[in-house]
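The following note is intended for a colleague who is meeting this structure for the first time. Please read the numbered points alongside the sequence and the three-dimensional view.

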Amino acid sequence: NFMLIYLEEADDEVLARMEREGAKVGDVTITLAWDDYNDLDLHVYTPSGAHIFYGNSRAEVERTEGGFLDVDMNAGGGKSKEPVENVFFGDAEKGIEAPRGLYRVVVQNYSYHEVERDAIPFRVLVRKNGEVTEYHGQTPKGKSGDESNVEICSFQYKGRTVAVSGAGRPSAMEAS
């Protein structure tokens, strides 16, 4: 139930949200965006088996060599109708490369903050080695928590194959 879009550059509107919230970009960057007050959550499973999400945003930083949830929005009540969540791995300026191996991405409707109990449309951008893949999907209608989990993708990261862009911006680790 996904529409897959291959992009040269990420969706400008999602990039604007990332910039507004101070989201960082690493070797591997996974970004979730949706358009209402509900609380969607981005879950990323790393090659080492760590699970990065709102309940474990920093605890595994050493173990996952820089995996970090740096933006988590609409938790505890709707704050934005243009929310974004972001997980990044690796920091070229600090000499830290994202772990190589298999990553898995899941989106969950943690809780509804609006009256409707509809499906919630979202998009996920996966950026690695200068390429962005965009996935469009939605959470199941009327479900929240674990029963609302939507498997987005699994992908292999095989290491840096292009020069890292973004020179001149603060490094991911300095800014976090």
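1. Read along the sequence, the chain of this predicted model follows the pattern β-α-β-β-β-β-β-β-β-β-β-α.

2. Of the 176 residues in the chain, 48% count as buried. The accessible surface comes to about 8,700 Å², and carbon and sulfur atoms account for 47% of that area. Among contacts between residues at least 6 apart in sequence, 72% join residues at least 24 apart.

3. Four strands make up an open sheet, in the order 4-3-7-10, with antiparallel pairing. Its edges are strand 4 (51-52) and strand 10 (150-157), each of which pairs on one side only. Strands of a sheet pair through backbone hydrogen bonds, either parallel or antiparallel.

4. Within this sheet, seven bridges connect strand 3 (residues 39-45) to strand 7 (residues 101-111) in the antiparallel sense. Val44 has Val105 of strand 7 as its bridge partner.

5. Which residues touch the most other members of the largest nonpolar core? In this core of 26 residues, they are Ile30, Phe89, Phe122, Val124 and Ile152. Two or more residues are contributed by each of strand 2 (28-34), strand 3, strand 6, strand 7, strand 8 (121-128) and strand 10. Strand 10 supplies the largest share, five residues. In soluble globular proteins, nonpolar side chains tend to be buried together.

6. Leaving out residues up to four places away in sequence, Ile30 touches Leu42, Val44, Glu85, Asn86, Val87, Phe89, Val105, Val124, Leu125, Val126 and Phe155. A second, separate core has nine residues, among them Val14, Ala33, Val71 and Leu125.

7. Where is Asn74 placed? Asn74 sits in the loop between strand 5 (68-71) and strand 6 (84-89). Asn74 counts as buried because its relative accessibility is 3%, and the cut-off for buried is under 20%.

8. The side chain of Asn74 has polar atoms placed by two backbone oxygens: that of Ser80 lies 3.0 Å from one such atom, and that of Tyr37 lies 3.4 Å from a polar atom of this side chain.

Methods:
Residues are numbered from 1 along each chain as its sequence is written. This is a predicted model: local features need pLDDT of at least 70, side-chain atom pairs count only at pLDDT 80 or more; totals for chains, interfaces and linings use all residues. Side-chain values use heavy atoms; hydrogens and water are left out. Two strands pair if DSSP finds at least two bridges between them. Buried means under 20% relative accessible area, exposed over 50%, partly exposed in between (1.4 Å probe, protein chains only). A polar contact is a pair of N or O atoms within 3.5 Å; within protein, one must be able to donate a hydrogen and the other to accept it, and residues adjacent in sequence count only if both atoms are side-chain atoms. A nonpolar core is a set of buried Ala, Val, Leu, Ile, Met, Phe, Trp, Tyr and Cys residues joined through side-chain atoms within 4.5 Å. Contact means heavy atoms within 4.5 Å. Accessible areas come from the Shrake-Rupley method with a 1.4 Å probe; for residues, only the protein chains shown count as cover.
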